[in-house]
Amino acid sequence: MLDLITPLAILPNLKAGNKKQALQELARKASELTGQHERAIFDVLLERERLGTTGVGHGIAIPHGKLSSLDRVHGAFARLERPIDFDAIDEQPVDLIFLLLAPEQAGADHLKALARVSRLLRDQSMCEKLRGAQSGDAIYALLTQHEASPTA
């Protein structure tokens, strides 16, 4: 996770009333982090959602997309102030969102990053800790703790 996300990529109390607003806010943050155009990021995310929801269930969504001008895989994490409808596969509202953006040519790296994020967020106790964290720094520490510890 350390290569995907930085403390600046954490949105600990995102206000969004619906899926589109959440994706817009994440695109805005990703634009700051990557230097890419916010609209290009938003369009890529919407295009991906049209193929099928990235709401994977249990209150979690992993929107993702590819942009040719990126140099590496980038991530951002948002905890929503209030859960929203995200057309999730289990029809439950979403309150934890991990955004992934990858270079157009990053086939394997993109899939590996998706798998890592998915594995991390399938852990129910991890999700409960993320929901209960008091700050963005605490969320960042939770997301990166396994890689930082020598026993992991």
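Helices (H or I, at least four residues) and strands (E, at least two) are DSSP runs, numbered from the N terminus. This is a predicted model, in which local features need pLDDT of at least 70, side-chain atom pairs count only at pLDDT 80 or more, and totals for chains, interfaces and linings use all residues. Residues are numbered from 1 along each chain as its sequence is written, and side-chain values use heavy atoms, without hydrogens and water.

**Cavity**

- A cavity is a set of points, on a 1 Å grid over the protein atoms alone, where a 1.4 Å probe fits but cannot get out.
- One cavity of 30 Å³ or more is counted, and the largest cavity holds about 30 Å³, a volume being the space filled by probe spheres set on points joined across faces, edges and corners.
- Its lining (residues with an atom within 4 Å of a point) consists of A30, L33, T34, H74, G75, A76, L99 and L101.
- At least two lining residues come from each of α1 (19-34), β5 (74-84) and β6 (94-103).
- Five lining residues are nonpolar, three are polar and none is charged; Ala, Val, Leu, Ile, Met, Phe, Trp, Tyr, Cys and Pro count as nonpolar, Asp, Glu, Lys and Arg as charged, and the others, Gly among them, as polar.

**Helix packing**

- The axes of α1 and α2 (residues 38-51) come within 8 Å and cross at roughly 135 degrees, where axes are lines fitted to C-alpha atoms over the stretch in contact and angles run from 0 to 180 degrees between N-to-C directions.
- In α1, residues including L23, A27 and A30 meet residues of α2, among them I41, F42 and L45, contact meaning heavy atoms within 4.5 Å.
- The residues of this contact divide into seven nonpolar, three polar and five charged.

Methods. On a 1 Å grid over the protein atoms alone, a cavity is a set of points where a 1.4 Å probe fits but cannot get out, and a pocket is an open set with protein on both sides within 12 Å along at least five of seven lines; lining residues have an atom within 4 Å of a point.
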